[in-house]
Amino acid sequence: MLGSLHGLFVDGEFAEVAQLFQERQPDEVVREYLQETERLVSDCQSFAVLAHIDYPARYWDRYVKTGPFDPSRFEDEFRHVLLALAGSDRALEVNTRLQPFPLIIQWWREAGGDAITFGSDAHTPTALATGFAGAAALAEAEGFRPGRDAEDVWHRVSP
């Protein structure tokens, strides 16, 4: 089962990340998103895989005109989420809706994350598994390997 976050509650109302980028400072939106994601990981035990931790990046280029999304700008916040996730013995999804960020996979390994899954967030049949080969190469570069089948959860291999 996947756990994911698509927005935040602001003044008692749910607001999608794309909407928040239009109304608030982008760094504030991403930081609050990651804080809420950490709360999701800590407070909800009903999912096995955290999906698209980089969800705000989907809207960054459309609404933020200060350059491309750079996860290193939010390194501390990402690392807090990843550390909490690793401590909960769950997996991180590498989502290929966008080009995956190698830094996030590296930080996941450094946090002690043991398992990775892949998701294309396909909303059409033709988009299913788009980008998986590249994502798999990134995961392998960080020491993750497939199980019996490439479709299984990938686990970190000790050096």
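A cavity is a set of grid points where a 1.4 Å probe fits but cannot get out, and its lining residues have an atom within 4 Å of a point. This model is predicted. The structure holds 1 cavity of 30 Å³ or more. The volume of the largest cavity is about 80 Å³.

Which residues line the largest cavity? They are His52, Ile53, Asp54, Leu92, Glu93, Val94, Asn95, Pro100, Phe101, Ile104 and Ile105. Strand E5 (91-95) and helix H5 are the elements that give two or more residues to this lining. E5 supplies the largest share, 4 residues. Sorted by class, the lining of the largest cavity has 7 nonpolar, 2 polar and 2 charged residues.

## The largest pocket

The largest pocket holds about 160 Å³ of space. Its lining consists of Thr117, Phe118, Phe132, Ala136, Ala150, Glu151, Asp152, Val153 and Trp154. Two elements, strand E6 (115-119) and helix H6 (132-141), each provide at least two of the lining residues.

How do the classes divide in this lining? There are 6 nonpolar residues, 1 polar and 2 charged.

## Helix H4 against H5

Helix H4 spans residues 75-87, and helix H5 spans residues 102-110. They pack at an angle of about 45°, and their axes lie 9 Å apart. H4 and H5 are therefore oblique to each other. The crossing of H4 past H5 is right-handed.

On the H4 side, the contact is made by Glu75, Phe78, Arg79, Leu82, Leu85 and Ala86. On the H5 side, Ile104, Trp107, Trp108 and Glu110 take part. The contact counts 7 nonpolar residues, no polar ones and 3 charged ones. Ile104 of H5 belongs to this contact and also lines the largest cavity.

## Helix H2 against H4

Helix H2 covers residues 26-43. H2 packs with H4 at an angle of about 10°, with the axes 9 Å apart. Why do H2 and H4 count as roughly parallel? Angles under 35 degrees fall in that class, and therefore H2 and H4 are roughly parallel to each other.

H2 contributes Arg31, Leu34, Thr37, Glu38, Val41 and Ser42 to the contact. From H4 come Glu77, Phe78, His80, Val81, Ala84 and Leu85. By class, this contact has 6 nonpolar, 3 polar and 3 charged residues.

H4 takes part in both helix pairs. Phe78 and Leu85 of H4 touch H2, and Phe78 and Leu85 also touch H5.

Note on methods
Residues are numbered from 1 along each chain as its sequence is written. This is a predicted model: local features need pLDDT of at least 70, side-chain atom pairs count only at pLDDT 80 or more; totals for chains, interfaces and linings use all residues. Side-chain values use heavy atoms; hydrogens and water are left out. On a 1 Å grid over the protein atoms alone, a cavity is a set of points where a 1.4 Å probe fits but cannot get out, and a pocket is an open set with protein on both sides within 12 Å along at least five of seven lines; lining residues have an atom within 4 Å of a point. Grid points are joined across faces, edges and corners, and a volume is the space filled by probe spheres set on the points. Ala, Val, Leu, Ile, Met, Phe, Trp, Tyr, Cys and Pro count as nonpolar, Asp, Glu, Lys and Arg as charged, and the others, Gly among them, as polar. Axes are lines fitted to C-alpha atoms, for helices over the stretch in contact, and angles run from 0 to 180 degrees between N-to-C directions. Angles under 35 degrees count as roughly parallel, over 145 as roughly antiparallel, 65 to 115 as roughly perpendicular and the rest as oblique. A crossing is left-handed if the near helix is turned anticlockwise from the far one by less than a right angle, and right-handed if clockwise. Contact means heavy atoms within 4.5 Å.
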